Structure formats: structure tokens, C-alpha cells
Amino acid sequence: MLRVNHLYKSYQTGSAIYEVLKDVCFDVKEGEFVAVMGPSGSGKTTLLNCISCFIPYDQGEILLDDKKLSALDETKIAKVRNEKLGFVFQDFMLLDGLTVFENVCVPKVIKKEAYQPMEAKAKKLLSMFGIEEIANKYPAEISGGQKQRTAVARSLMNNPRLILADEPTGNLDSRSSEAVIGAFLEAQKSLHATTFMVTHDSFSASYCNRVIVMKDGKIHRELIRKGLRKEFLEELLDELRELNGGE
Amino acid sequence: MTLNHLFGKLKSQNKKEYRQFQFCIILAVLLITSYLTILFSPLVQNALPEGGDSRKQVYLIFGIAVLGCIVFSIYAASLFLRYKSKEIGTFIALGADKRHIGNALLAEVSKIIAVCSAAGILLGALLGLVVGKCFEWIASKANDHHFAFTSTGILSSLLFCLALYLCIIILSVRFTKRTNIMEIINEQRRQEPLKGMITKRYLWSGIVLTLLGMGIAIILPSISANIFRHFLGSWTNLFYLLTVIGLYRIMVYSIAAHKKGKKPQKYYDHIITYGMLKFQGASIVRNMLVIALLLIGGLFAAFYAPLQTMGTSSLYDSYEAGYSYFYPEAANELTKSDLDELGENYQVIIENYREAELIQVIGDGIEWDANEKGDLVEDHYDEFALYDCISTSGYETLTGKQLDIPEGQYLMVQKIDAYENVFHHFGDMHKLYSGDMQASLSLEYMGTEVCSSLVVENGFGTNSRFILNDQDYQALRAGLPEERFIRQVFFDTVENKNAILFSQELYQEYALRASEDMKVVALYDPCEEERVGKEYTYTEKAVFDPYNPIKEVNWQYQPIFVQLQSENFVMSLAVRFLLFIYVAVICLAATGIISYTRSKNITIRNQQVFADIEKLGANHAYLKSLLKEQIQKIYILPTTIGCLAIFAFMVLILWQNDGHFDLNDWKILVIILIFNLLIAGYQYVLYRLSMKEAVKTLGI
């Protein structure tokens, strides 16, 4: 469903050039819940931003349903973002002037959908993630966990082919984190959603089917969950310990 | 639910951000429009001499005010775009068409500017009308012109709105053209650090550039004209840019350079403030620089009225006679008995009545001017002007002073503090002709004699008056036609409450009796008229009103009635004074808005940092001290630099005038210091207000 081939990305600061992604290749299958982990500066967020078409990349290709994203013009990319991708950001990116309900509706409003199906879908998602009671509240009036669940609900409004989540639990306490991961799992189960999540949090990543570990802009290892989640968590922690030099 | 519905909802929920932007645009247009309507009204245009220094100064200071208004409007626009960045970034990230969102933003910004500009122009025109009518009312005694809206004033206001619109639209287009969505999303959190390592050398180079720029811009033209005899023209003002760069460097240093050095304790005490400021450094320094420039402009405008008044009041003190006037002998002017009779009507006693004869003779002279290339050209003319000359004994009659002038020499009559410059020289006359032009008398310049009451106009060139040895005077006098004899009268009055009424009546009588020969403008010279021919420009009729001595006067035979003139001086220049005061108010208003908005921005942007520091155990007193240190940066340094720069500038100007400082110059410097203190007080009040607001915002 998502294929990343030989992806390169560098940044220039003054005269210095920093290679952030070096020859990154991987696939994500439909319905998969994949996490990307790695130390700070390993290129996780840059990778996610390239897939999201938020930033351009230097070389390589990103294919969504076998279509090259780089070949699309701005209007088509916008359509892909709206209809095929769903986004969840670390700092939620909810619009402060809109209610929870209205925030959830934004992707369909952009798509110019009729009000009735939009309302029905939004209500369904709010109910699915247990936030229907706060539908008329503004972001400033709800907790971090509720904000992120709102963001997850918003990301699912247009039944995207792929949800891209950047540190979705990064700003949350463990209870809220669990609720957000629960929301992704619910989306995977009920809506057959595919999720690609960048995270630092081993606990959240342990719920995934697969974890891509990055180091210095390259894929260091891929870990696949085979047994229980707790065993996978141990495996992830061992991997990270090794990555950090056995600390 | 549509996108437009969501935009509308977002707008209604975020009125504060819109209001700040709208307020700044309205205020900028209002201030500029009100000023332009006044500036281009007949009331002001007729009060500012064409091509005069006052006109140039008022335009220059207004230019700084315009810059200030554009800067705070752009700043408000950039804050608005920052606020919008999250909305725009989110919509684009969620799949909205970037072009559609960009166009919607441009349409929204355009609409805000259009509506606010219209409101600003209307309110500005209204304010201009009120202020203009006030000017008219205050100056009504001295002015026949009225406040009126002119097409130039309105068109200039529209031009300003257009310039503002273009600046903000360019900013908005650049914002929407960004391809990196993460940059748009993160715009609100964007830091503006100052680049590179800032060392002490940076500070010193700033100080050197500041002084060098100012020094060169003021002194270079004078050196070039005096030594190289080349008039450099106004391009030398570009050297002031060095001063602006220098000031910028000083400010950058104050924000960016902090080292442990020899005082590590001090460094650590302020480490949080340094850190907070450093990452907003670039825009803070830009704002500080504009504040300093506005203060310089505002102070310069504020000085105008007191400096003019002071300069003139010292001249009034220097007059040798309370009343002086002159007229051709043939004119039917006031005699001593007429004066006594008039005095009696007002119970005013005439005393020290003196009168003496002057003769008008043609003499040689030099016309100093700059040619098209800017080279100073001195054209010597054998028959340069019709000079007024007085004999040594005649001078003694008038002033009581005995002068010893050898034959073949002369003294030039001058005002107190008169000094030469490239266009005006003492002693340019070397020859005077007899009445029939058949003989001439060679004369040597031996110096100046101060007698302000005898000076006509500026006392230079064709208006020069000379004191001759009695024998030389008699030689020239012989054979002169009747119309070349002038009667000069000096007298005083015993102090009396009716003196002003007497002076007014006297002025009326004197002016009404003026013969047709006397009704010439101040710079008119018949000899020069003959020499120049058709191109001669001073042939128009004199401007004076016998019934209103305060009104604009351009009259060679204008009498000097010291008490009347000193009473009416402020009124006669009221429009000019008010105009300068108003432009100073605009500069100071712009300063206030920039400082206040920037202080607010510092508070809001660092809100999280303050919350974090509080979590680390800082009490409210410590947080307040941190806040104080940051907000003080906006006020203290620009105020200090602005005040010091204008002080240094005025010192250089006063020194450059005549190469030394006299009592009047010192008095001027004291006045400047007083104004600087007033500005410091104004800035302090603004600082207190900003602090109060910031403390409220942070809840500490």
C-alpha cells in the first residue's frame, strides 16, 4: 500500500549539509499498524513529513497505492492528503476557534461533503472514541488525551487509506496514551485502517504489528510482533538498549 | 458547513488577533492622513517658505513618521500571519487546496486593509479637520489662509494606503508561497535568532560608524565647500545610513553578546533573560532601531519651536533701539513731532530719539553660487548692489559709539552672532561708485560692527550696510540724486502698559505712509534688477498689512518694533510651530505603539517559559524581575540611543554653524537636555503601562 524506495533527504544549514535520510526503503501493507522508532535525530519525523508531502525530498520515491506522490501536482497532492491520508500530530493541531465536533468535520468540509453524512460520520467517530460528550467544547476546554482522540477521529473522517501519526502520545500521560493507542487499534479493527506512527514510546509501539528502528538516517532493523504484546515490548526495550550502547 | 463557514467561525472566535491588526492599520492611516491633510492644506503650505529649511525638515521628519507607521503596520501584519499560520497549515495538511487557502488569506488581508484604510482615511480626515481648524483658530490673527482639504492631501493619503497595502500583500504572498508545510505550521514558534558571533568589536564598530556617519554627513559638505570649493549637494545625507547601521550594531550587541567574562556572577544572574531575548533578537533589534529613529525624529521636531523662539529672543535682546525704521528722505514718513503726538495719545513718552542719514551707492560685490556641477562659483560684479552706507558720525548719532575708521576702509554692519558661510562672506565689497558712476572709491574691509537695529533682512549680499569714514562718506554723498538718501530713525519709549497699542498704531501709520518706492520685497535691489534683466525674481510687490503687524511680511522697509515683534513672534510662526509639534506627536505615538506591541509580544511568546520557570521554583518577584529585564530592553536602549544621538547631532550642528559655542548655543543644549528628560519620562510611563499589562497577562 505504501512503498518507500531509496529515499534521501538532506538539510542545509549555512554551508553545512546534513543528510537526514539515507537510502530508506520499506513497505507498509494494508491494515498494518507500523511504528517507527529511533533516537532523536535519526530521521523519523523527517521520514513522516516526506511521506505526508509536507516537505520535499532529494531522491527516491514514495508510492501510495502504486502511485508516485512526487509526480502529482499541488492540487492532486492536496486531494491525496484529504482523501487518502489522515494525520495525527504530536501537538494535536486542532483549531482553537472550532468546537471538537467542528474540528472533526474539517476534512469533510474541505472535501465539500453534504452536511448530513458529515454529521453522521462525525457522531459515529466521536462515539467510537468516547468523546461525544465533549463535542461542543473548544480545544482549550478539554484534556490532552481528549484533544488527541479528537485528532484521531478527525484523521479518520474521510476513511483514509493511511493514517500518519507523529508522536501521537508524546504530550500525553500514560492513561491518555493508552486511550489514544486504543483509538488507533479500534480504527484498525473497525475501519481496517492502516497506521504509520512515529514514536519514542516503546509502550505505544508495542501495540503495533511491526516496528521499524532507525539510526543515523537509515533503517537499522525491523522488528515484527509475533507473540504477546508484553514480549514484544521487552524485545523493543532490548533493541533500544542495544541502540543506546547497552545503557 | 463549508470552508467559508469555518473561516467565519474562526474569525469570530479570534477577534483579538484581528482587532490588533485592524487597530494598527487604522491608526497608521489615521495618523498619516490627518497629517497629510493638514500639511497640504493652504493654511500650512502658505506658512512654509518654498524651498526653505523648515519645509525640508518637516518632510524629513514626516518621512521617519511614515516609516514608523509602516513598520508597526507590517509588524502587526506579521503577527497576524503568524496567528493565521496554524489555521492555514492545518487546513493544508488536512488536504485543503493551498492555492484556494492562499487566495482566501489574500482576500481576507486585502479586505481588512481596504476597510481599515477607508476607516483610517475618514477618521484621519476628520482629525485633520479638527486639528487643522484648531491651527487656523490659534493662528487666525497672523494668518489669512484657511484649512481646507486638498486633492494632494487626499491623494497622498491614498498613496500611503497603497504602499501599506503593497508591503503587507508582499508579506502575505511570500507567506502563502511557502512550499514547506511544516514551516507554515511551525511559523508561530519560529525563532528569530541573531546570526553569527557577536564580539566587542561589533559594538565598537557600531559606535564608530554612528559617529562617523553623523560627522561626515554634517562636516563633509562644509569641508568640501570651504576647502575644495565644491558644493556636494544632498547626497551627503546618505552618510546618515552609516549612523543607522552603527546604531543597529550597537543594539545587536546589547541583545546578543553576553559572556561570562570578568563578572561571571552578573552573567549567571541574567542568563535566563539573555536566553529569552536572543531567540527573538532579529525582530527585537529591528523594532528597537525604528523606535530610536522615531525618537530622534520626534525630538528634532519638538525642538523646532523652542529653538526658533530662543534664537529670536536673543536677537530681540540684542537690538540697540526699541524702535527702528528707515525710509527714503523724500517719503512722507513720520517725523519726531508725529511720534510725540502719537505717543501722547497712548501716554507713551518717546525717549532717546535719534536719526541719521544713510546714502545708497552702487558698489562691487561677489555673487556666490553653485553651478550645475556643484562647483562653487564666485562671480564678481563691478556694479553688484545698491548698498546703504552711513558715516562714522552718523553712526555715532544713532548708537553713541565712536568708531575709528581710517580713510579707504569700512566696517560691515551685522547682527549679533552673524557668521560667514560658503554663500555669505564679509568683506566682499571693495569699491563704491559716485552718484554719476564716473568715479569710484576703493575700500578695504576692516571688520564687522554689531548693530542689529541697523541690519536689513539677512545683512549679507545686496542687503549689506556699511560704515564709512566721514571723508569717504562725504565724497560719495556729493552729487547723489535725492532718491538715494535714506533716513534711519532709532528711539525708545519709557516703559508703559500701552506700549503695544502704541506700537500697533505706529506700525499702521508708518505702513500707510509708505511711498510706492518703499513697497518692495526684502531682497529687492534695483542694481541687481538691472544686471539680471528679465529673469530677476524679486520684482513683486511687498507683502505687509498696515492693520495687522503679525501677518506674514516680506518688506524691505519693515520696521523693527522690538516689543511688538517679540509679543507676536510665536503667533506669526504659529502654524509652523503647530505643524512640527503635530509631527512630533505622530512620531511619539508610533514609538508608543511599537514599544507597547513588542512588549506584549515578548510576554505572550515567553508565556510558556515563565510557566516552566515558575515550576522550577521561581517566585513571582523573580519572574517579575525577569520580565522587567526583557521589557526594559525595548525602552531603555532605544531611548538612550535616540536621546544621545540627537544631542550629538545638535552639538555638531551648533559647532558647525560658526566653529564655537556661545551662550545661546549652551542654552539650546540645556533645552535639548530638558526635552530628552521629557521623552525619557514619556517612555517611562509607557514602560510602566507595558509592565502592568505583562504582569496581568502572566498572572504573576
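# Reading a two-chain model

Visitor: In what sense do strand β1 (residues 2-13) of chain A and strand β2 (residues 16-28) of chain A pair, and over how many bridges?

Guide: They pair in the antiparallel sense, over nine bridges. Strands pair when DSSP finds at least two bridges between them. Strands themselves are DSSP runs of E with at least two residues, helices are runs of H or I with at least four, and both are numbered from the N terminus. Before we go on, this is a predicted model, in which local features need pLDDT of at least 70, side-chain atom pairs count only at pLDDT 80 or more, and totals for chains, interfaces and linings use all residues. Residues are numbered from 1 along each chain as its sequence is written, while chains are lettered from A and ligands numbered from 1 in the order in which they are written.

Visitor: Which residue in β2(A) stands opposite Gln12(A)?

Guide: Ile17(A) does. Another pair to find is Arg3(A), whose bridge partner in β2(A) is Asp27(A). The hairpin has two residues between the strands, and Gly14(A) takes a positive phi near 65° there.

Visitor: What is the order of the strands in the open sheet of chain A?

Guide: The four strands run β2-β1-β4-β5, with antiparallel pairing. β2 and β5 (67-68) of chain A stand at the edges with a single partner strand each, so one side of each has no neighbour in the sheet.

Visitor: What is the value of phi in His6(A)?

Guide: Start with the general idea: most residues other than glycine have a negative phi. His6(A), though not a glycine, has a positive phi near 45°. You will find His6(A) in strand β1 of chain A. Met93(A) also has a positive phi, near 55°, and belongs to the loop between β6 (85-88) and α3 (100-111) of chain A.

Visitor: Is His6(A) buried or exposed?

Guide: We count neighbours: a residue is buried if 20 or more other C-beta atoms, placed from the backbone, lie within 10 Å of its own, exposed if 12 or fewer, and partly exposed in between. His6(A) is exposed, because 12 other C-beta atoms lie within 10 Å. Met93(A) is buried, with 21 other C-beta atoms within 10 Å.

Visitor: How many helices and strands has chain B?

Guide: Chain B has 22 helices and 10 strands. Its C-alpha atoms fill a box of roughly 100 × 60 × 50 Å along the principal axes, and 39% of its 700 residues count as buried.

Visitor: Which domains is chain B divided into?

Guide: There are domain 1 (1-190), domain 2 (193-257), domain 3 (273-320 + 562-700) and domain 4 (321-561). These bounds come from an automatic or database domain assignment. Taken over C-alpha atoms, the centres of domain 1 and domain 4 of chain B are separated by 54 Å.

Visitor: How many residues has the largest nonpolar core?

Guide: The general idea is that nonpolar side chains tend to be buried together in soluble globular proteins. A nonpolar core is a set of buried Ala, Val, Leu, Ile, Met, Phe, Trp, Tyr and Cys residues joined through C-beta atoms within 7 Å. Here the largest core has 192 residues, and Val583(B) and Cys587(B) have the most contacts inside it. Helix α4 (residues 53-93) of chain B gives this core its largest share, 19 residues. A second, separate core has 53 residues, among them Val348(B) and Leu358(B).

Visitor: Which residues does Val583(B) touch?

Guide: Two residues are in contact if their C-beta atoms, placed from the backbone, lie within 7 Å. Leaving aside residues up to four places away in sequence, Val583(B) touches Tyr35(B), Val58(B), Ile61(B), Phe62(B), Ala65(B) and Ala301(B).

Visitor: What span should helix α16 (residues 499-513) of chain B have?

Guide: The expected span is 1.5 Å times one less than the number of residues. For the 15 residues of α16(B) that gives 21 Å, which agrees with the 21 Å between its end C-alpha atoms. Its buried residues include Phe502(B), Leu506(B) and Tyr510(B), and among the elements that cover the buried residues of α16(B) are β1 (323-328) and α13 (336-345) of chain B.

Visitor: How many residues does the contact take from chain B and from chain A?

Guide: It takes 23 residues from chain B and 24 from chain A. On the side of chain B that touches chain A, the largest share, five residues, comes from α1(B).
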